[in-house]
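Q: I would like a close look at a single part of this model, followed by an account of its surroundings. Please keep the answer connected.

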Amino acid sequence: MDRTLLLLWLAVALFSLGLLGVIVRRNVLVMLMCMELMLNGVNLSLVTFAQQTGTVVGAVLVFLVFVVATAEIALAIPIVLLLVRDRRTLDLDAYRDLKG
Amino acid sequence: MIASLLNNLDTVLLVVFALCALAGAALMIVLRQPMRVAMALISTMIFLGGIYGLLGVHFIAAFQVLIYVGAVMVFMVYVIMLLEVRESTGTRYSKLLWPGVAGFVLLVGVIGISIWRGLRVSPVSTVPPAGAVQPAATGDAAFGIGPFSVAFLNDYWLHFELTSVLLVAAVVAALAVIKVARRSRHG
């Protein structure tokens with residue numbers, strides 16, 4: 001089996017599983033981790049394409065995705081901490097009034 | 001049997017790592033406790049790091065383990081242990097479970113089929129089998145930390161500076177979030 005095909009399918013599966021987790025899980029922290037999984041899937045596809053075409057642009061993009069993921073977590077965790085201190089639960093149904 | 005296995009050790013390891021990463025990702029959806037989900041995600045990330053190493057992009061494998069597992073997930077595990085909110089007896093899935101699963105199947109089907117057809121008709125797909133015999137060697141030549149750094153700091157220096165700006169903005173924003181909360185509690 002072609003190894004590019006295998007890696008791309010793995011990337012699609014990781015991204016879709018992360019999206020599924022964001023949609024169906026109710027725990028806020030689990031949803032954050034599923035978003036990390038989506039970023040990992042995208043990274044895998046970028047590395048695969050960079051390897052296939054022999055260019056270095058994909059690696060640069062992967063580096064940028066790393067930085068974005070770090071910044072996202074650094075900002076999301078304090079928000080989750082504040083939400084939990086307010087409502088005493090991680091269940092997303094308790095934050096229904098954030099819908100506006 | 002053993003000899004052919006050893007000849008294709010790269011491919012065998014790649015398939016094994018891919019299956020393990022997929023299993024970890026599937027466990028993330030199923031498991032209930034956030035700590036176990038975090039452990040499944042960490043194992044998935046480590047297996048992805050192994051895949052990057054097998055592909056020959058060693059510095060991205062190092063970044064994967066250092067930044068994701070070392071920084072992001074340690075942060076996440078720390079927060080899970082800090083909060084220690086017992087999940088109530090309710091279900092772990094929201095009401096969107098079946099629409100979500102249907103959308104998942106649809107998404108995987110559409111993208112998977114389009115990837116398969118795209119790679120089958122494109123002339124690029126004839127190149128990888130030739131390189132698949134010894135991909136690590138070509139990967140080392142094209143993707144060492146040296147060429148990456150030269151390209152990064154020569155051609156993409158603006159993006160490099162933007163990452164530092166983004167990190168500073170994230171730190172300032174996190175501090176602002178904490179400070180707003182403290183002020184609202186006092187006043």
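Leaving aside its neighbours within four places in sequence, which residues is B:Ala170 in contact with?

A: The model is predicted. Once neighbours within four places in sequence are set aside, B:Ala170 is in contact with A:Ala71, A:Ala74 and A:Leu75. B:Ala170 itself is found in helix H9 of chain B, which covers residues 157-186. B:Ala170 counts as partly exposed, because 18 C-beta neighbours lie inside 10 Å, and a buried residue needs 20 or more.

In total, 56 residues of chain A are in contact with 72 residues of chain B. On the side of chain A that touches chain B, the elements giving two or more residues are helix H1 (3-24), H2 and helix H3 (57-87) of chain A. Of these, H3(A) gives the most, with 18 residues. Sorted by class, that side of chain A has 39 nonpolar, ten polar and seven charged residues.

Chain A has three helices and zero strands, and its pattern along the sequence is α-α-α. Its radius of gyration is 17 Å, whereas a compact globule of 100 residues would have one near 13 Å. Taken along the principal axes, the box filled by the C-alpha atoms of chain A is roughly 50 × 25 × 20 Å. Of the 100 residues of chain A, 46% count as buried. Among contacts in chain A with a separation of 6 or more, 45% come from residues 24 or more positions apart.

Helix H2 of chain A takes in residues 28-53. Its 26 residues should span 38 Å at 1.5 Å a residue, and the C-alpha atoms at its ends are 38 Å apart, so the two values agree. After H2(A) comes A:Gly54, whose phi is positive, near 75°.

The axes of H2(A) and helix H4 of chain B (residues 58-83) come within 12 Å and cross at roughly 175°. Angles over 145 degrees count as roughly antiparallel, and H2(A) and H4(B) are therefore roughly antiparallel to each other. On the chain A side of this pair are A:Leu29, A:Met33, A:Glu36 and A:Val47, which meet B:Ile60, B:Val72, B:Met76, B:Val79 and B:Ile80 in H4(B). By class, the contact of H2(A) with H4(B) has eight nonpolar residues, no polar residues and one charged residue.

The axes of helix H3 of chain B (residues 34-55) and H4(B) come within 8 Å and cross at roughly 175°. H3(B) and H4(B) are therefore roughly antiparallel to each other. Residues of H3(B) in this contact include B:Leu41, B:Ile42, B:Met45 and B:Tyr52, while those of H4(B) include B:Ile60, B:Tyr68, B:Met76 and B:Ile80. The residues of the contact of H3(B) with H4(B) divide into 18 nonpolar, four polar and no charged.

H3(B) has 22 residues and reaches 31 Å from its first C-alpha to its last, close to the 32 Å expected at 1.5 Å a residue. H3(B) is mostly covered, with 16 of its 22 residues buried. Just after H3(B), B:Gly56 takes a positive phi of about 100°.

Chain B as a whole has nine helices and zero strands. Buried residues make up 20% of the 187 residues in chain B. For contacts in chain B between residues at least 6 apart in sequence, 53% join residues at least 24 apart. B:Leu97 is found in helix H5 of chain B, residues 97-121. B:Leu97 is partly exposed because 15 other C-beta atoms lie within 10 Å. B:Leu97 and B:Ile29 are 68 residues apart along the chain, and their C-alpha atoms are separated by 11 Å.

Key: Residues are numbered from 1 along each chain as its sequence is written. Chains are lettered from A and ligands numbered from 1 in the order in which they are written. This is a predicted model: local features need pLDDT of at least 70, side-chain atom pairs count only at pLDDT 80 or more; totals for chains, interfaces and linings use all residues. Helices (H or I, at least four residues) and strands (E, at least two) are DSSP runs, numbered from the N terminus. The expected span of a helix is 1.5 Å times one less than its number of residues. Two residues are in contact if their C-beta atoms, placed from the backbone, lie within 7 Å. Ala, Val, Leu, Ile, Met, Phe, Trp, Tyr, Cys and Pro count as nonpolar, Asp, Glu, Lys and Arg as charged, and the others, Gly among them, as polar. The radius of gyration is taken over C-alpha atoms; the globule rule is 2.2 Å times the number of residues to the power 0.38. A residue is buried if 20 or more other C-beta atoms lie within 10 Å of its own, exposed if 12 or fewer, and partly exposed in between; C-beta atoms are placed from the backbone. Axes are lines fitted to C-alpha atoms, for helices over the stretch in contact, and angles run from 0 to 180 degrees between N-to-C directions. Angles under 35 degrees count as roughly parallel, over 145 as roughly antiparallel, 65 to 115 as roughly perpendicular and the rest as oblique.
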